[in-house]
Amino acid sequence: MSVLLAAETSVRQRPAKEVVLSVRDLSVLFPQGYDRATGERRILRAVDGVSFDLHRGETLGLVGESGCGKSTTARAILRLIGMNSGSVKLDVNDPKTGKPVHYDLDKLSGAKLREARQHLQIIFQDPYASLNPRMTVGDIIAEPLVIYGLAKWNERRDRVQSLMKEVGLDPKHVLRYPHEFSGGQRQRIGIARALALDPQVLICDEPVSALDVSVRSQVLNLLIDLQSRRGLSYLFIAHDLGVVKRLSHRVGVMYLGKLVEVAPSEEIYRTPKHPYTQALLSAIPIPDPVIEKDRRRILLKGDIPSPLARQFGCPFAPRCPQAMPECKTIVPRLAADAPAHEVACLLYPPSRTAPASDSKK
Amino acid sequence: MIRFVFGRLISVILTIWFVATLSFFLIRLAPGNPFANELRGATPEVTEAKKREYHLDLPLREQYWIWLRGVVTGDLGPSMKYRGKTVNEIIRQTFPTSIALGSVAMVFAVVLGMMTGVIAALKKNTPIDYGLMAVAVFGISLPSFILATLGIVVLVFWARLFPLAGWETYSNVLLPGLALSLPFAAKISRLTRVGMIEILGEDFIRTAHAKGLSERQIVIKHALRGAMLPVVSYLGPAFALILTGSLVIEKIFFIPGLGTIFVQAATNRDYNVVLGTVVVFSSLLCFFNFVVDLSYTFLDPRVKPVSGR
Amino acid sequence: MSIAVTKPTTRRRAWVEHPLSLPINVSMVLWILSFIAVSLLANAPWAVTPVMFVWLLANSAAIVYVGMHLTVPLDAPRKSESEVVAEGTSLFRDAMYRLRRNQMATGSMVILLLLMLACFSQFALFHLIPVIKGKDRAAFASDSFYALHLDHTRTNEGETYEPPTAQHWFGTDSLGRDLFARTLFGGSVSFLVGIVGTVVSVSVGVSWGAVAGYFGGRVDEWMMRIVDILYGLPFLFLVILIMTLVNGLGNVASSTDQKFAEAAAAEKAGDTDKANAILSEITPDQRTASIVTKFMPPIVVVFVAIGLVSWLTMARITRGQVLSLKEREFVVAARAIGARAPRIIFRHIVPNLMGPVIVYSTLTIPEIMLSEAFLSFVGLGISEPNCSWGSLASEGLAGVNIIKPYWWLMVYPAAALSLSLFGLNFIGDGLRDALDPRSAK
Ligand SMILES: Nc1ncnc2c1ncn2[C@@H]1O[C@H](COP(=O)(O)OP(=O)(O)O)[C@@H](O)[C@H]1O
Ligand SMILES: [Mg+2]
């Protein structure tokens, strides 16, 4: 399994090979009422058969234009919204006993699901919307502890204060309300809340997109720090490759609800295979003016098509500069073209193989 | 949409039926009967004959069916107090009066309320805002009968601007209408102000500012529409309250409206008149609420017709 | 407009942090409970004495409470910040702090509390003094303080329609009753109707709306359908019909009770035949009316009926807010950290509704007091010998004419009613600003 061989190169310390989070054929459909002309039920395929693995201590970047289904993927993994098909498996170590535990997230509900969520937390994109304006910072950070009964009320204070210190907040501000903080500080509050349960996997849904450029790198540094200190695994979502580059070991590129390319970070920046990835990469400004001048910029024609539209063939075909006639009819499959480098494009022969021959389990 | 309208219509009919039935049994359970005064000291035969005339001798269940059949065919029965008059006639005479009073009050309330509310929101935290809201608190705090009395004392007795009471000319409707509408105008004004301020602080308004739309365009295009929602959802209850509030106003200004008739009939146990007015009022109210609901779904894209799902 | 980052303010000790807060809060609760109990039991002499003692105790505690809260200096330093973390009441604390700084609201609160205390004290003393002195109400000398200023039931044929004098501060009414005492008594009734009605309306309305809005789908559809149907009812008309029924029953019941009393008197005198004759005259219907009225006095029906009228709007407002609130990211975040529905509803959604709920509750108290006044005006609410500000004002309205205006009959109750409604509105506004730090600026 090529994905399992991933991360031959790594930005920082090399992650282990164990898989902590495994997503297979995840699909989320939103019914959108009925088509006025035909009377057919319209369905928005927000996430369409996404599969990937996340290894312990690894950061998997997930990039794509806004609206391509990244947040929906994240929320479906956490079961915050229902998924229509697919499986999500979580393999973590029990924090008390240290023994491995396995959760089939897609099948859980109620108390068991709550238990699983303890190990899998999320940081939201909008630091203004994701904090309850009526709760003090202390209450916000302490809430997961209260829900899981993890600390008695007198220990809670210490836990909250040490969490605040850990994410770089002044514990003196524990009684303040979110609106008294800046965006970067608010995002730190969100991070502290997510860390309160001591999770092993953290999904970061564009944690810095809403922040000023000046504070972005501080928050990113914090995340890198936390990862090395706590051995966290990140599913790091962003809408541009530039941010992801800083901290991802591997990068997945999404387009219209589908993963089109997954590769180790360095490789995807050096030798992007999918035309969409190439286009995305060419849009990142490069600080070096010499390279910047020589660079070939790939301009995509047209807008991102509506995910409502019925798709035949490759979803990128209508905008692809290298589209071939069969792109409109054959659906390319995500498959390894080089070791640890998967791509879903008919330019690469493995993508043409019938899905049945490669059984992803 | 059609299913939504249809579903609502059915529930409207059910509601009216429910109210009518409840009222029927409530008023019948109350001790006393319509002829208690009239037939004091009359022989039992006379009383019996009188009761038979109005089917009051039958078991309650049969009386109910007779009456319900009448309502369905549009016949609300004879009055038991006013000789020789049917309830339909009484309502036909008094209904326009009540409607005129109610609509004048409603129009006053909405126009006055929305205008002052928008002005106060735009001039937030200025003396204009404080002044308007103080007046609004005044309007809400004063019961309409105190307001009406004040109005009579100041405008009629003292300034002699309005005719005293009665129901002959157009100016007759103004003072009662105003007295009836002020509390509602004040409430609508507050709702508009709060809604408007909230909307003006939202992101999309800031975006609109950023796009360079003028203040007036923003207010009219975006803010007003959002601020309308709480107001529109208040219109239904406001209408009901105005209808019931007119009972008091009619009493103070000696206006021969449906409300006066209703209260009299309830005390006199004029069963058919009581039930007739209840049916008319609830139909009116249900219809109005129905219209409000429809406009609500148009104003707020997030609220989808429930049964259309 | 813009969300500015407020500069850190020095934290100050809020008034609820006073060391005596807890006992006093308990006594406030006692105060309200005993108020309700007294009102319900006022007709049952056996219950009055012990309840009244609790009542007076609580009353004095309330005076201390108010006085203390208003005198504790605002800038007293807080306990150390970290100590307060676990308590989690800081939102309320800060809101109270901001409320205290709102002079209009504080002033209204003082006036309203004084008004309430005056009214409730009359209520208590009226019942208590005869018990303490062991005298009948009628036995008090006509120039005693009790008879002049506290007894709202004492009639005096020689002193009808007296304008305000040194003896009768607010004048007298058509039966020569002291209007001062009656205004105070009417205030107790009005406040009681307002408070009980609002508690009923807010708790039913918020829970209903929040549950419907949060669960959505079928649940929402059905719950809101019920609200819609109830909305379609011309409620006050039904209340009028109910009051017609209740008052009719009350009349029957009082004449029946009179007959029972006559029979008992005859029995006592040894005239068993006469007693039996009287008893046999009482029909089963009359008996039922008497019993029903014992359990549901008309005045209680007024509370409940009016209270149950007004929760619908609250439910609708709440639901509308919840519908948009539950899509907010912090609610999703709460689900992600494992919060269950009750916690999400009552800890995340309901506190964020506080603004509209508070504002609407403050509109509800006066609204309910007005509904009661309205009913009394039509002649179907509070009936003699009880009275409320509404019924007093409408009595007074009859005295307004050009020839000989008995203005005091209208002016004092109407002024008291308007003053408290003003106060309630200002407090509501103050609370809204206090609870929503963003709107305070
Ligand atoms: N609750 C929802 N109902 C209907 N459509 C939704 C919902 N949430 C997201 N979508 C749609 O799904 C698509 C993917 O959205 P999202 O996952 O938020 O994109 P991204 O996070 O990549 O910007 C978008 O077209 C969006 O409109
Ligand atoms: Mg997103």
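**Reading a helix pair and model confidence**

In chain C of this predicted model, 70% of the contacts (heavy atoms within 4.5 Å) between residues at least 6 apart in sequence join residues at least 24 apart. Residues are numbered from 1 along each chain as its sequence is written.

Q: How many helices and strands are there in chain C?
A: Helices (H or I, at least four residues) and strands (E, at least two) are DSSP runs, numbered from the N terminus. Chain C has 17 helices and zero strands.

Q: What percentage of the residues of chain C count as buried?
A: Buried means under 20% relative accessible area, with a 1.4 Å probe and protein chains only. Of the 441 residues in chain C, 55% are buried.

Q: At what angle do the axes of H8 and H9 of chain C cross?
A: Two packed helices are described by the angle between their axes and the distance between the axes. Axes are lines fitted to C-alpha atoms, for helices over the stretch in contact, and angles run from 0 to 180 degrees between N-to-C directions. Helix H8 (residues 235-268) and helix H9 (residues 272-281), both of chain C, cross at roughly 165°, their axes coming within 7 Å. H8(C) is therefore roughly antiparallel to H9(C) (angles over 145 degrees).

Q: Which residues of H8(C) and H9(C) meet?
A: Among them are C:Phe260 and C:Ala263 in H8(C), and C:Ile278 and C:Leu279 in H9(C).

Q: What is the mean pLDDT of chain A?
A: pLDDT is the predictor's confidence in each residue, from 0 to 100. Chain A has a mean of 82, and 83% of its residues reach 70 or more. Over residues 1-11 of chain A the pLDDT falls below 50, yet this stretch has 34 contacts in the model beyond near neighbours in sequence.

Technical notes
Chains are lettered from A and ligands numbered from 1 in the order in which they are written. This is a predicted model: local features need pLDDT of at least 70, side-chain atom pairs count only at pLDDT 80 or more; totals for chains, interfaces and linings use all residues. Side-chain values use heavy atoms; hydrogens and water are left out. Angles under 35 degrees count as roughly parallel, over 145 as roughly antiparallel, 65 to 115 as roughly perpendicular and the rest as oblique. Buried means under 20% relative accessible area, exposed over 50%, partly exposed in between (1.4 Å probe, protein chains only).
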